[in-house]
Structures are given as C-alpha cells and as structure tokens.
Amino acid sequence: MDKKDFYKSLQEKLNEQTDWPTVYMFKFIIPADNHKMAQVNQLFGETAQITTRASKNGNYLSVSAKEVMMDAESIIQRYKRAEKIEGIISL
C-alpha cells in the first residue's frame, strides 16, 4: 500500500470511528538524539502532552503525544510533517 492509499484509508477509518473534536494519541520511535526530539516537539502545540521513554540500550526514544484534534485531515497533516524527520517511525 502506498502512502496515498494509506492516508486515504486512515482518514476513512478516523471519520467512521471518531466524534470530533477528539484527543488523539500519536506514537513515534526516533533515534535518541536531542535534535530529533526537538523536531518532534515542534510538530505539536503547547497544549499537547508529550511523554518519552528510552529503549533498553538507550539508542531510541519512544514518543507519545496526546493532543486535541479537530478532524481527520489535521491528524494526517501531522503525520505528513512527521515523515520529514529523518529516522522517525510512526506507529
């Protein structure tokens, strides 16, 4: 499945299963790097609740961010911005 189909499918599922606005949890894995963490933090507004957890060996960080989202399109736009961060994995 290419990215376009993935996002179309995600948007359909979100619209079917969600009452808007809603608190949405984004999850990412990034290399343990302060610059990468700063880039991830910039994806979210001041009201987002961001938590991190280091991997066992400390090479990676698991990042969870909860934020009120107004619609499926805003969630998809956030994922598209995240894709530009080198080494990020969206879960």
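Guide: A crossing is called left-handed if the near helix is turned anticlockwise from the far one by less than a right angle, and right-handed if it is turned clockwise. The model is predicted, so local features need pLDDT of at least 70 and side-chain atom pairs count only at pLDDT 80 or more, while totals for chains, interfaces and linings use all residues. Residues are numbered from 1 along each chain as its sequence is written, and side-chain values use heavy atoms, with hydrogens and water left out.

Let us look at helix 3, residues 72-83 (helices, H or I of at least four residues, and strands, E of at least two, are DSSP runs numbered from the N terminus). Helix 1, residues 3-17, passes helix 3 in a right-handed crossing, and the two pack at about 145° with their axes 9 Å apart (axes are lines fitted to C-alpha atoms, for helices over the stretch in contact, and angles between N-to-C directions run from 0 to 180 degrees). On the helix 1 side, Lys3, Tyr7, Leu10, Gln11, Leu14 and Asn15 take part, meeting Ala72, Glu73, Ile75, Ile76, Tyr79, Lys80 and Glu83 of helix 3 (contact means heavy atoms within 4.5 Å). By class, this contact has seven nonpolar, two polar and four charged residues, where Ala, Val, Leu, Ile, Met, Phe, Trp, Tyr, Cys and Pro count as nonpolar, Asp, Glu, Lys and Arg as charged, and the others, Gly among them, as polar.

Helix 3 also lies across strand 1, strand 3 and strand 4, and runs at about 10° to strand 1. These strands belong to an open, antiparallel sheet of four, in the order 2-3-1-4 (two strands pair if DSSP finds at least two bridges between them). Strand 1, residues 22-31, pairs with strand 3, residues 60-69, over 10 bridges, whereas two bridges join strand 1 to strand 4, residues 89-90.

The largest nonpolar core has 23 residues, of which Phe26, Phe28, Val40, Phe44 and Tyr79 touch the most other members (such a core is a set of buried Ala, Val, Leu, Ile, Met, Phe, Trp, Tyr and Cys residues joined through side-chain atoms within 4.5 Å; buried means under 20% relative accessible area, exposed over 50%, and partly exposed in between, with a 1.4 Å probe and protein chains only). Helix 3 supplies five residues, the largest share of this core. Phe26, leaving aside its neighbours within four places in sequence, is in contact with residues including Ile75, Arg78 and Tyr79.
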